[in-house]
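This briefing concerns one protein chain, shown below with its sequence. Please keep the structure in view while reading the points that follow.

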Amino acid sequence: MALLDSSMLIVGETGTGKELLARACHSASDRADKPFMTLSCATLPDDVAESELFGSGTQGSPSSKRGLFELANKGTIFLDEVGEMSPKLQIKLLRVIQDGSFRRIDDEHEIKVNIRFISSTNKDLLNMVSQGQFREDLYYRLNVVQIRLPPLRERGNDILGLADKLLNAACLRLKRDGI
């Protein structure tokens with residue numbers, strides 16, 4: 001899946017490692033040597049998230065700021081908890097996914113980018129679509145490839161391997177012999 005250049009939606013409970021999986025997919029992709037940028041959709045107010053994504057000011061101006069879309073050009077953007085994104089930002093994001101172009105805040109010049117979108121959610125986005133809380137067209141643009149990441153309680157066989165890895169990492173940090 002990592003080698004596909006399609007948008008990916010990672011679905012799973014909080015704490016299941018959705019961002020780690022997104023980073024691994026980026027690292028295994030043809031975009032691995034390009035930027036991997038993250039936006040937490042749940043923690044930022046609309047105006048801050050919009051400025052973070054789109055940037056602001058006229059290109060070349062000393063007070064201008066490049067946003068994540070520009071910074072991630074030819075790389076990957078990870079939209080963490082995309083189900084928390086406001087309807088206003090959903091519309092603007094859809095345009096970038098469809099056209100690969102956007103405008104900075106307070107600028108009239110179009111900027112063209114090539115970005116792979118990886119999103120995550122712990123919500124039932126399809127149910128949110130049916131309730132009018134999430135745009136259907138955006139859902140299908142983000143959900144080209146879906147990976148369900150089950151919680152550790154459903155992956156009992158993974159516990160010993162994870163414990164071994166964590167113990168070895170702790171031993172390295174503490175400069176102790178591994179187990």
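Helices here are DSSP runs of H or I with at least four residues, and strands are runs of E with at least two, both numbered from the N terminus. By that reading, α2 is followed by glycine 55, whose phi is positive, near 80°. The model is a predicted one. Its secondary structure comes to seven helices and seven strands, and 41% of the 179 residues are buried.

**Overall architecture**

- From the N terminus on, the elements follow the order β-α-β-α-α-β-α-β-β-β-α-α-β-α.
- The C-alpha trace spans about 60 × 40 × 30 Å along its principal axes.
- Among contacts between residues at least 6 apart in sequence, 72% join residues at least 24 apart.

- Strand β6 covers residues 116-121 and is mostly covered, with six of its six residues buried.
- In a regular strand, side chains alternate between the two faces of the sheet.
- In β6, Arg116, Ile118 and Ser120 point one way, while Phe117, Ser119 and Thr121 point the other way, and all are buried.
- Strand β1, residues 8-11, pairs with β6 in the parallel sense over four bridges; within this strand pair, methionine 8 has isoleucine 118 as its bridge partner in β6.
- Strand β3, residues 76-80, also pairs with β6 in the parallel sense over four bridges, and the bridge partner of leucine 79 in β6 is serine 119.

**Nonpolar cores**

- The largest nonpolar core holds 30 residues, of which Phe69, Ile77, Leu79, Val82, Leu93, Phe117 and Phe134 touch the most other members.
- Two or more residues of this core come from each of α2 (46-54), α3 (68-71), β3, α4 (87-99), α5 (125-130) and α6 (136-142).
- Helix α4 supplies the largest share of this core, five residues.
- Apart from its neighbours within four places in sequence, phenylalanine 69 is in contact with Leu53, Phe54, Ile77, Leu93, Val96, Phe102, Val113, Ile115 and Phe117.
- A second, separate core consists of 11 residues, including Ala22, Val145, Ile147 and Leu149.

**Helix α2**

- The buried residues of α2 are Ala49, Glu50, Ser51, Leu53 and Phe54.
- These buried residues pack against β2 (36-40), α3, β3, α4 and β4 (101-103).

**The largest pocket**

- The largest pocket has a volume of about 290 Å³.
- Its lining is formed by Gly15, Thr16, Gly17, Leu20, Leu149, Pro151, Leu152, Arg155, Leu162 and Lys165.
- Leu149 is listed both among the lining residues of the largest pocket and in the second core.

**Individual buried positions**

- Where does glycine 100 lie? Glycine 100 is found in the loop between α4 and β4.
- Glycine 100 counts as buried because its relative accessible area is 11%, under the 20% limit for that class.
- Not counting residues up to four places away in sequence, glycine 100 touches Arg95, Ile111, Lys112 and Val113.
- Glycine 100 and tyrosine 139 are 39 residues apart in sequence and 17 Å apart in space, C-alpha to C-alpha.
- Glutamate 81 lies in the loop between β3 and α4. Is this residue, glutamate 81, buried or exposed? Glutamate 81 is buried, with a relative accessible area of 11%.
- Leaving aside neighbours within four places in sequence, glutamate 81 is in contact with Lys18, Cys41, Ala42, Ser120, Thr121 and Asn122. Of these contacts, Ser120 and Thr121 are buried residues of β6.
- Cysteine 171 has its place in helix α7, residues 159-173. At 14% relative accessibility, cysteine 171 counts as buried.
- Between cysteine 171 and serine 7 there are 38 Å in space, C-alpha to C-alpha, and the two are 164 residues apart in sequence.

Note on methods:
Residues numbered from 1 in each chain as written. Predicted model: local features only at pLDDT ≥ 70, side-chain atom pairs only at ≥ 80, totals over all residues. Heavy atoms only, no water. Buried < 20%, exposed > 50% of the residue type's maximum accessible area, 1.4 Å probe, protein only. Pairing = 2+ DSSP bridges. Core = buried A, V, L, I, M, F, W, Y, C linked by side-chain atoms within 4.5 Å. Contact = heavy atoms within 4.5 Å. 1 Å grid on protein atoms, 1.4 Å probe; cavity = no way out; pocket = protein on both sides within 12 Å on 5 of 7 lines; lining within 4 Å. Points joined across faces, edges and corners; volume = space filled by probe spheres on them.
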